[in-house]
Amino acid sequence: MKKASLLMIIGPLFLLGLYVFPLWNIMLGAPQYPDPLGLNIHISGLQGANEFDIQNIDGLNHYIGMQTLPKPEDMWEFGTFPQIIGIMVAIGVLIGLLGYFGKVSYKWFIGWFTLMSILGVLGMYDFNEWLVDYGTNLDLNAIMKLTNPDGTPMTYKPPLLGHVKMLNFDVTSLPSIGAWLMFLGMMLTLTAGFLGWKNTKKQ
Amino acid sequence: MKINNHLLATVGAFLMLVSCGEQNQSSNGALSSSAAEKVYVAPGEQDEFYAFLSGGYSGNLTVYGLPSGRMFKEIPVFSQFPTSGYGYSEETKPMLNTSHGFVPWDDAHHPDISQTNGELDGRWIFINGNNTPRIARINLSTFETEEIIEVPNSAGNHSSSFITENTEYVVAGTRFSVPIPQRDMPINEYKSNFKGSLSFISVDPEHGHMDLKFQLLMPGFNYDLSHPGRGKSHGWFFFTTYNTEEAHTLQEVNASQNDKDFIAAVNWKKIEEYVNNGGGTKMPANYAHNVYDEGTHTATTTMNKEVLTVDPLKVPGAVYFLPTPKSPHGCDVDPTGQYIIGNGKLSADLTVHSFDKMIAAIEGEKFDGEAYGIPILNFEDVLAGQVKSGGLGPLHTEFDGQGNAYTTFFISSEVVKWKLGTWEVIDRKPTYYSVGHLMIPGGNSRKPFGKYVVAMNKITKDRYLPTGPEMEHSAQIYDISGDKMELIYDFPTHGEPHYAAGIPADILAPKSQKIYRLDENEHPNAVKTPTDAKVVREGNEVHIYMSTIRSHFTPDNIEGIKVGDKVYFHITNHEQDFDVPHGFAIIGQNTSELLVMPGQTKTSVWEPKQVGVWPFYCTDFCSALHQEMQGYVRVSPANSNIALKWSLGE
């Protein structure tokens with residue numbers, strides 16, 4: 001149980017990486033952008049992959065009537081997410097410590113993992129909602145109003161995961177270092193739960 | 001007939017087999033890569049070297065790639081350049097100020113890249129204006145001219161602009177001797193009254209700013225070309241002279257009478273010490289120093305009123321003359337600093353002096369007389385060897401760093417490769433036609449990159465499709481990586497390239513700037529956000545503070561301008577994206593357009609002469625909405641009372 005508890009203490013700490021590294025990354029490449037424009041999504045706000053990328057993405061998007069990219073103060077998520085992550089890390093480490101001293105069982109480990117997974121899915125859902133709004137809620141006076149072959153207005157929702165071709169741009173959306181660290185940390189807590197469970201069975 | 005063809009085919013096949021056999025032993029077989037493959041830079045790939053070719057009478061500097069011969073850019077230096085507005089915009093007009101007023105043209109000759117420890121460091125490139133003597137410094141991260149200093153007491157600024165091996169000095173010598181100081185006197189009293197100035201312009205190691213530290217006032221010869229000592233000869237500078245006859249008329253005959261002229265060897269370290277200890281004479285002068293500030297995007301002119309002159313006789317041991325046959329032109333120093341090559345242009349041979357022998361002769365005081373008090377060394381005592389080339393009219397020599405030298409021969413139109421030390425000729429290849437300078441990247445430094453040599457010719461004739469009587473000059477690229485030179489490309493250049501300078505792309509390309517930062521723009525008339533855009537009247541001057549971003553001007557409707565107003569358009573480009581300039585032009589502009597780089601501010605003056613509503617527009621196809629990037633200025637009669645008004649999107 002000590003080994004499992006140690007994993008449970010270390011695992012949540014990996015989430016601290018989210019304060020430094022981006023959670024998600026969207027790259028936009030085009031023939032005239034051999035060095036692609038890029039958007040790093042941090043839990044506390046958006047940053048350009050290069051210094052002026054946000055300004056340049058906004059500049060291009062105004063042709064098709066997309067909103068400008070949100071500043072941290074424009075979305076409640078950028079205030080709340082860092083708090084939620086902080087609380088979850090604290091709770092996770094606390095559970096691990098209590099496990100180490102035999103005060104709680106492995107079920108608490110699995111409980112933390114389950115809660116974090118639910119929050120993660122909710123976060124992804126919320127992120128996708130924003131992508132939908134960002135890509136479809138277009139200015140009616142847009143300079144270029146393009147239509148799909150079936151006549152419906154073209155929309156520009158970036159993919160949640162993977163690659164799509166959008167006008168002249170290749171858009172690729174992938175988890176970034178922060179997400180991978182979070183994934184690794186959560187796997188450690190799941191392993192902690194598994195080891196704890198095995199330990200109980202042995203006894 | 002049929003039999004013959006078969007026979008030929010068989011013989012051909014046999015030859016190919018033989019060639020293939022040889023191929024295994026030597027890299028120069030028939031199947032070695034073709035010239036086309038050597039110069040082909042596939043689409044999307046980049047060249048191995050930058051080459052900076054002077055533009056001669058274009059006054060500018062052109063940037064090419066090697067080995068492709070593709071031209072990348074023309075950098076305006078001494079000439080107005082309507083493409084960007086250089087010399088037309090209010091910010092850059094001061095760059096062309098001189099003591100003779102605004103001089104919008106010059107004859108640009110000898111570019112030289114800054115060095116550290118005798119190796120190219122790629123910070124700046126310097127070039128001389130020959131006609132109204134000036135030296136320019138160009139920044140090699142922005143590829144923009146940043147500074148121009150006028151050289152007083154000089155005329156025909158030709159033995160310039162060569163730098164010492166740590167860029168301590170950029171050196172400028174006069175080709176034409178003149179009265180110093182200038183005065184009203186009979187021309188035929190030239191002899192012993194005219195003087196030749198050799199100017200040592202210090203270069204600030206941090207920002208490159210130039211300062212005329214001292215001028216050496218030499219006898220009234222023609223100082224034709226020069227090069228610095230390097231390595232062991234660092235601290236010396238060598239100048240070829242002609243017209244040691246001091247002729248003032250029909251020089252083609254009268255300046256060609258002496259069998260030998262001189263190479264002047266100048267120990268600048270010694271003179272620097274003399275000057276630093278308070279030596280030299282301050283002389284009244286008047287010369288312009290124009291500095292462009294990257295922060296304010298603006299140039300300013302300072303007129304300097306004094307120059308420190310040095311009489312060579314006051315500094316014993318500072319100057320010696322090395323007799324050199326036949327009106328030498330190019331003066332080149334090999335990468336070790338041991339050999340000083342005098343290219344006697346009226347001769348078939350090259351004269352090579354030895355630095356070690358020169359020092360020994362000086363120490364042994366083996367003098368062969370003096371000229372105006374300057375000791376002349378004995379020709380035989382300083383001679384290292386002579387290259388009996390068989391060519392005619394040697395002009396310039398460069399080095400490959402492998403112990404070989406390459407000399408151009410103007411009259412016999414060829415490049416001759418020869419060996420330093422043995423003086424034997426290894427190879428010769430024709431040029432097309434009448435070659436002047438040649439260039440090996442780093443070929444006048446301690447560390448040449450001896451892969452290609454570019455020969456720049458004076459005569460083009462039939463090399464390209466004819467374009468009437470006037471043609472661009474031709475240049476040829478030779479592969480010099482093997483024993484024999486191989487002609488691999490032939491391309492037209494722009495203007496009349498004299499000298500050139502080359503540098504590996506990997507030194508320059510990574511530090512080439514992409515934009516100017518708007519948040520670092522310190523132009524007093526910059527508009528940092530579109531909300532600051534405004535129009536202000538000051539008497540009959542109207543200042544329009546305007547910003548641009550794809551794809552509109554802010555403001556784009558302006559009213560209240562009157563005939564007779566002087567309208568200043570101060571335009572700031574708000575883009576912060578690589579390669580998105582905006583242009584500005586307005587009908588009836590008496591200057592040129594502006595091409596404003598991202599983050600930059602430029603100003604154009606417009607003096608409307610007619611009542612009406614006049615459009616302005618972006619001249620650079622900036623975006624899909626470029627054609628919409630336009631605006632109107634309403635110009636009312638001089639006596640009207642229309643209030644100033646400006647707007648966007650109303």
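Predicted model: local features only at pLDDT ≥ 70, side-chain atom pairs only at ≥ 80, totals over all residues.
Figure 1. The secondary structure of chain A consists of five helices and five strands, which follow one another along the sequence in the pattern α-β-β-β-α-α-α-β-β-α. The radius of gyration of chain A is 21 Å, whereas the globule rule gives 17 Å for 203 residues, so the chain is more spread out than a compact globule. Taken along the principal axes, the box filled by the C-alpha atoms of chain A is roughly 70 × 35 × 30 Å. Buried residues account for 29% of the 203 residues of chain A, and, among the contacts between residues at least 6 apart in sequence, 67% join residues at least 24 apart.

**Figure 2. The pairing of helices α3 and α4 in chain A.** Helix α3(A), which spans residues 77-100, and helix α4(A), which spans residues 106-136, have axes that come within 10 Å of each other and cross at roughly 170 degrees. Because angles over 145 degrees count as roughly antiparallel, this crossing makes α3(A) roughly antiparallel to α4(A). From α3(A), the residues that take part in the contact are Glu77(A), Ile84(A), Met88(A), Ile91(A), Gly92(A), Ile95(A) and Gly99(A); from α4(A), they are Trp108(A), Phe109(A), Trp112(A), Met116(A), Leu119(A) and Asp126(A). Sorted by class, the contact of the two helices has nine nonpolar, two polar and two charged residues.

**Figure 3. The contact between chain A and chain B.** Six residues from chain A and six residues from chain B make up this contact. On the side of chain A that touches chain B, three residues are nonpolar and three are polar, with no charged residue among them.

**Figure 4. Overall form of chain B.** Chain B has seven helices and 45 strands, and its radius of gyration of 28 Å is close to the 26 Å that the globule rule gives for 650 residues, so chain B is as compact as a globular protein of that length. The C-alpha atoms of chain B fill a box of roughly 85 × 85 × 45 Å along the principal axes. Of the 650 residues in chain B, 50% are buried, and residues 24 or more positions apart account for 62% of the contacts with a separation of 6 or more.

Figure 5. Within helix α5(B), which runs over residues 355-363, Phe355(B), Met358(B) and Ala361(B) are buried. Following α5(B) is Glu365(B), a residue whose phi is positive, near 50 degrees.

Figure 6. Asp293(B) and Phe102(B) are separated by 191 residues in sequence, and their C-alpha atoms lie 19 Å apart in space.

Methods. Residues numbered from 1 in each chain as written. Chains lettered and ligands numbered in written order. Buried ≥ 20, exposed ≤ 12 C-beta atoms within 10 Å, placed from the backbone. Helix = DSSP H or I, 4+ residues; strand = E, 2+ residues; numbered from the N terminus. Contact = placed C-beta atoms within 7 Å. Nonpolar A, V, L, I, M, F, W, Y, C, P; charged D, E, K, R; others polar. Axes fitted to C-alpha atoms, helices over the stretch in contact; angles between N-to-C directions. Parallel < 35°, antiparallel > 145°, perpendicular 65-115°, else oblique. Rg over C-alpha atoms; globule rule 2.2 N^0.38 Å.
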